Amino acid sequence: MTVLPPSAGVIGWPVAHSKSPLIHRFWLAKLGIDGEYGRFPVHPDNLGAAIPALPKLGLRGVNVTVPHKVAVMPHLDRIDDTATRIGAVNTVVVDNGDIIGFNTDAVGFFAPLQGAMDDFPADRIATLITLIGTGGAARAVASALGGMEVTVYGRDPGKAAELADSFGLGGGSAYGSSGDLADLANATWYDKIAGTPLDDKVDQRYNKVIVNATSLGMTGQPALAIDLRPYPDDTVVYDLVYAPLETPLLAAARARGMRTIDGLQMLVGQAAVAFELFFSHPAPRDHDAELRRLLTA
């Protein structure tokens, strides 16, 4: 009996832009695994036929990108608890004929942030996080930040409140749990929330983190309108956008000397979790610097 090399891929519509093949093929080569990872353009009308065909095609699984992350869920045999909680699937794995949905975004998001948070001064009271966005990416972020002091901002304040409530964010603190994205564009919101005039030096009792989980700042999209003046200089600014890698938000943060995390770090992090699910080997993360150079060439 012929044993086929392990194979996986990514499905979406369109999918030609995906960097996933470059990432997974890089890791396969580093590990000396005779495997393959390809792109599979799947029109939304054909999703219901494509998913059951995965075992017949000999695929160990696929990553799932737009517009299928939610639409794929009814076509799966099982969905793991994290993906169910987030309400989206970005990784599908074939396991003994069963087709199982996972979401690796939450783990991929949190690892770089954890590294930054480990460097925060130990004498701070708490870490306060501004999460911008209410879509699928924001839900994955909210899942990763469960129980932390998070205020969610969105174009639709009702959706921001729903997201905050569904993940138990905010902790009922005086800082609230949700707000209107428009409030971030000018610094008067800070007076309302913190009761500290902008011209005063902020008492550094808290660590601050800003996470952009919207498409604002992406190539072809307007920049995220946010006034960074109320935030201290040691704020961590994390932008999930990776095209361009230097978004207007990150450029403004770096000009202030703030610590920044770009979207490529989450992209690679979530891919590493999927890689192990597909190929039963941990991704060789000791080559991250080389992979980053490849992805940004």
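These exercises with worked solutions concern a predicted model of one protein chain.

**Exercise 1. Overall build**

Task: Find how many helices and strands the protein chain has, and decide how its radius of gyration stands against the globule rule.

Solution: 
- Step 1. The protein chain holds 10 helices and 12 strands.
- Step 2. Its radius of gyration is 20 Å, close to the 19 Å from the globule rule for 297 residues, so the chain is as compact as a globular protein of that length.
- Step 3. Along the principal axes, the C-alpha atoms fill a box of roughly 75 × 40 × 35 Å.
- Step 4. Of the 297 residues, 46% count as buried.
- Step 5. Take the contacts between residues at least 6 apart in sequence: 66% of them join residues at least 24 apart.

**Exercise 2. A β-α-β unit**

Task: Describe how strand β1 and strand β2 run, and state the hand of the unit they make with helix α1.

Solution: 
- Step 1. Locate strand β1 at residues 7–12 and strand β2 at residues 36–41.
- Step 2. The two strands run parallel and are joined by 6 bridges.

**Exercise 3. Arginine 259 and aspartate 119**

Task: Locate both residues of this salt bridge and classify each as buried, partly exposed or exposed.

Solution: 
- Step 1. The closest N and O atoms of arginine 259 and aspartate 119 are 2.6 Å apart, within the 4 Å limit for a salt bridge.
- Step 2. Arginine 259 is in strand β12 (residues 259–261), and aspartate 119 is in the loop between α4 and β7, 140 residues apart.
- Step 3. The class limits are under 20% for buried and over 50% for exposed.
- Step 4. Arginine 259, at 37% relative accessibility, is therefore partly exposed.
- Step 5. Aspartate 119, at 54%, is therefore exposed.

**Exercise 4. Arginine 124 and aspartate 234**

Task: Work out which parts of the chain this salt bridge ties together, and classify both residues.

Solution: 
- Step 1. In this salt bridge the closest N and O atoms are 2.9 Å apart.
- Step 2. Arginine 124 lies in the loop between α4 and β7, and aspartate 234 in the loop between β10 and β11, so the pair ties together parts 110 residues apart in sequence.
- Step 3. Arginine 124 has 16% relative accessibility and therefore counts as buried.
- Step 4. Aspartate 234, with a relative accessible area of 30%, is partly exposed.

Terms used:
Residues numbered from 1 in each chain as written. Predicted model: local features only at pLDDT ≥ 70, side-chain atom pairs only at ≥ 80, totals over all residues. Heavy atoms only, no water. Pairing = 2+ DSSP bridges. Helix = DSSP H or I, 4+ residues; strand = E, 2+ residues; numbered from the N terminus. Right-handed = clockwise from strand over helix to strand, strands pointing away. Salt bridge = Lys/Arg side-chain N within 4 Å of Asp/Glu carboxyl O. Buried < 20%, exposed > 50% of the residue type's maximum accessible area, 1.4 Å probe, protein only. Rg over C-alpha atoms; globule rule 2.2 N^0.38 Å. Contact = heavy atoms within 4.5 Å.
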